[in-house]
Amino acid sequence: IHVSQVLPSWKDTGNTALGAKWDAYERSLVLHENGHTVIDITEAQALLSDLQTLPAMPCDQIAVAANTITNNHIAALNAANNNYDSTTGHGTYQGATW
């Protein structure tokens, strides 16, 4: 599993106070986004495990079963990420506010 995060970057203006505020924001944002990464990896591993343990079945039923399992995991993933954002105020309660 490979996860990439694209985060905003800071262009140093020489303003030390503003730079320090940015550094604190960036640390909090990374903390928040890493929480999403943990959720994503956990759900992906559960999906993989469920797909690998599919019981033997006729070929024409495999795609249906795999799609059902995948859709269930996608729904669970979306719910977990939405809950995390709700709980953290989209990172606000973790300090990710500018």
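**Figure 1. Cover over the buried residues of helix α2.** The cover over the buried residues of α2 includes α1 (16-52), contact being heavy atoms within 4.5 Å. The model is predicted: local features need pLDDT of at least 70, side-chain atom pairs count only at pLDDT 80 or more, and totals for chains, interfaces and linings use all residues. Residues are numbered from 1 along each chain as its sequence is written, and side-chain values use heavy atoms, with hydrogens and water left out. Helices (H or I, at least four residues) are DSSP runs numbered from the N terminus. The buried residues of α2 are A65, A66, I69, H73, N81, Y84, D85 and T88; buried means under 20% relative accessible area, exposed over 50%, and partly exposed in between (1.4 Å probe, protein chains only).

**Figure 2. Span of helix α2.** Helix α2 comprises 30 residues, 59-88. From first C-alpha to last it reaches 44 Å, close to the 44 Å expected at 1.5 Å a residue; the expected span is 1.5 Å times one less than the number of residues.

**Figure 3. Packing of α1 against α2.** The axes of these helices come within 10 Å and cross at roughly 160°. α1 is therefore roughly antiparallel to α2, a term for angles over 145 degrees. Axes are lines fitted to C-alpha atoms over the stretch in contact, and angles run from 0 to 180 degrees between N-to-C directions. α1 passes α2 in a right-handed crossing, in which the near helix is turned clockwise from the far one by less than a right angle. Residues of α1 making the contact include L31, H32, G35, H36 and I39; among those of α2 are A66, I69, T70, H73, Y84, D85 and T88.

**Figure 4. Surroundings of H32.** H32 lies in helix α1. This residue counts as buried because its relative accessibility is 2%. The side chain of H32 makes polar contacts with the side chains of H36 (3.1 Å) and Q94 (2.6 Å). A polar contact is a pair of N or O atoms within 3.5 Å, of which, within protein, one must be able to donate a hydrogen and the other to accept it; residues adjacent in sequence count only if both atoms are side-chain atoms. Not counting residues up to four places away in sequence, H32 touches Y84, D85, T88, H90, G91 and Q94.

Figure 5. H90, in the segment after α2, has a positive phi of about 55° although it is not a glycine. Most residues other than glycine have a negative phi. H90 is exposed, with a relative accessible area of 57%.

How values were computed. Helices (H or I, at least four residues) and strands (E, at least two) are DSSP runs, numbered from the N terminus. Angles under 35 degrees count as roughly parallel, over 145 as roughly antiparallel, 65 to 115 as roughly perpendicular and the rest as oblique.
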